[in-house]
Amino acid sequence: MRTSQESTPRESTPDVRVDARDKVTGAVRYGADRTPDGMAFAMLAGATIDRGRVVEADTAAARAVPGVLLVQTPFDHAELASPGFIMAGGYGFQSLQPLIDERVAYRGQPVALVVADTLVAAVEAAHLVDVRYQAEPFAVELDAEGAETIPQPEAIPLPFLADAAVGDADAAFAGSPVQVDQTYELPRQHQAPMELIGGVAEWRGDTLVVHEGTQNAAAIRHGLAKQLGIDPARVEVRAPYTGGGFGQKNSLQPHIGLVALASRRLGRPVKLVLGRPQTFHMASFRPASRHRIRLGADASGRLTAAIHEADQQTSRHDLFPAMYTETTARLYGVPSFRGRQRLVRTDTQTPGYMRAPFEHPGVFAFESAVDELAYAGGTDPVALRLANDTGTDPLTGQRFSSRHLAECLRRGADRFGWAARSPEPGSMRAGDGSLMGWGVAAGAYPADATPAEAHLSAGADGRVTVEVDGHEMGQGIRSAIARLVAGDLGIAANAVTVAIGDTRLAPQHLTAGSWGTASALPAVHAGLRELRKHLDVADEGPVDVAAAVGATGRAAVDVRVSNLPTGQSPELLDRSRAGLVAVAGPDYPGFVTFSFIAHFVEVRIEPTTRRVRVPRVVSVADCGRVASPVTAASQVRGGVVWGIGGALREGSEVDPRFGGFVNATLEEYPIPVNADVGRIEVDFVDEPDPLMNPVGVKGLGEVAMVGVAPAIGNAIFHATGRRQRRLPIRIEDVL
Ligand code: MOS
């Protein structure tokens, strides 16, 4: 992959990924890399019906496998309370805890746990558990008989999930001279992180220690305490590195309690790693969704009305809240907007958050419709977007604390060479005769933040150690923290040690929603101010740390601070310390904050095979101040690659006769490989947000993906004249 980037770090601090060497040399230890003495291996067996009950489980053959230590079925009624659903005041990706009763709620739900001396024995024995079921009718698709559709405000009566409404959008739409009314469909998808879900549980005396790749060590800690009925002080979770999370590792997985119980019973550490097909069936996924978008505009292309109605799949046992319109209502300065979101109960595990969980699907629909509107009104798609930019949030009437979408669009158009585009569909050809299309789309993502606690220690050796809330899952949070400290004190980045992802250090509340950096950095910034006071040095400028510590006569100077997002009450900190979701934004007192991006895409379509290629993408992001240019550019490239996957490759297929997921392997769930990815140019506006926090950072990881898929769909329309309203776009869609 050839890439380029341009950005201008404000300081001379080296721009590096501080843990890159450890990662590529294998020095980094992930949860399942731990091999404590005496460790045993666990494996799960999954249900082979979609819904019903287990009526019999014959474990004789499994128990006869040499080395098998334990075989557990639903009839053993594991002594675990429900962890509760993370979005309903709990800790689990779903409320349903397998193996505590005989009920089967989805295909693949664990129906047996085997623990053995070796992994081979555990896997073999898990296959040999002979389970009989009583099957019941089920529904796994949005329109299936038995799927239950409920308006979200009725299902979950919380203010932030209410239907959005500004003005009379229906009347304004009806009176608009230019109209678009289309429906867009998005598939289920699964995260495919390199690190499989899994880890090791061990008891040290009466303390449970869990090593597990996660984005939310606090939820594991407090969730396990709840499940096992023990004091959270007796649960330690260690996750210094997570090998990709993308939302799938944002909460307590249902296997951990079972492994903890088995470990206690056997008096040995126990490891469990889900196989790749199991991660498709036993962990959360991006739900299917359908979006009807109505846009009205006047003859000049100014939006008069937008209506966004979304249906989203949830499980039978939990209500996974839909938040599509939170973002689509904010893309443009539309005077009247109406949003309506409904949940569709189906017989699956509870779906969850997958990178840009609502923003990728919702903005695919909305930004495809905006392109349709541009063509319907004969306006250039970039000009139409610029004409509808706004500094005021249409939903609340508050100002955006920063919004540089127009700059992203202008700079992107310039770098891409948009002016040379001939607007007529099918009018551009590449030198090799392939159809060429150029498309554009914008993206936005709420700029959220959480409370964080930071502990800074400056040593007489000149080194500084930072312990703070946050999980490193590949996004580069360690680099952003190290760079902030190094830049602030004028010391080398390698003189800074960053410790995160460990409940012994800080609460380690959920790192997701692209709020990790915007939560940890302000806490570290506050810690630096405090540290400078204790070192008796100026509030700014380079510090001779060794000398300043030496002058205090102590070996080290320690400070501890906790930080709240702008305008929040300390109650949020209590929630964070209790491992509950504790998030603020994008509405803050007096302002609203989003990150923005513009993507420009070239597609080429081979005329006979109709194979779609994406040789060139230009993406310009507004994420506030760029805290760590190298890792930020990587985040954007990763988001663009995922957008290519979302547009052209990824979809988890279901067979409505059987439930479950048919293509539950990396062979059959295609994600983009290097051959699918061309040149990605990344640029940043790099303007600090003046109000979001003193560091000026907003989020980046997820906004990077938002808008890539519609830019590709719009480019395919430009190349072929065929409008794409369903993802992934397949060859037959462009014939
Ligand atoms: Mo993310 S999908 O908020 O981890």
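In which strand is valine 178 found? The structure examined here is a predicted model, in which local features need pLDDT of at least 70 and side-chain atom pairs count only at pLDDT 80 or more, while totals for chains, interfaces and linings use all residues. Residues are numbered from 1 along each chain as its sequence is written, and side-chain values use heavy atoms, with hydrogens and water left out.

Valine 178 belongs to strand β10, which covers residues 178-186; strands are DSSP runs of E with at least two residues and helices are runs of H or I with at least four, numbered from the N terminus. With a relative accessibility of 14%, valine 178 counts as buried, a class defined by a relative accessible area under 20%, as against over 50% for exposed and in between for partly exposed (1.4 Å probe, protein chains only). Beyond residues up to four places away in sequence, valine 178 touches Leu295, Gly296, Ala297, Asp298, Ala299, Leu373, Ala376 and Gly377, where contact means heavy atoms within 4.5 Å. Glycine 377, although 199 residues from valine 178 in sequence, has its C-alpha atom 6.3 Å from that of valine 178.

In the chain as a whole, the secondary structure comes to 18 helices and 28 strands, and buried residues make up 63% of the 735 residues. Of the contacts with a separation of 6 or more, 81% join residues 24 or more positions apart. The C-alpha trace spans about 75 × 75 × 50 Å along its principal axes.

Helix α7 (residues 254-266) should span 18 Å at 1.5 Å a residue, and its end C-alpha atoms are 19 Å apart, which agrees; the expected span is 1.5 Å times one less than the number of residues. Because 10 of its 13 residues are buried, α7 is largely enclosed by the rest of the structure, the buried residues including Pro254, His255 and Ile256. Just after α7, glycine 267 takes a positive phi of about 65°.

Valine 734, in the segment after α18 (708-720), is buried with a relative accessible area of 0%. Apart from neighbours within four places in sequence, valine 734 is in contact with Arg610, Val612, Ile716, Arg722, Gln724 and Ile729. The C-alpha atom of valine 618, 116 residues away along the chain, is separated from that of valine 734 by 23 Å.
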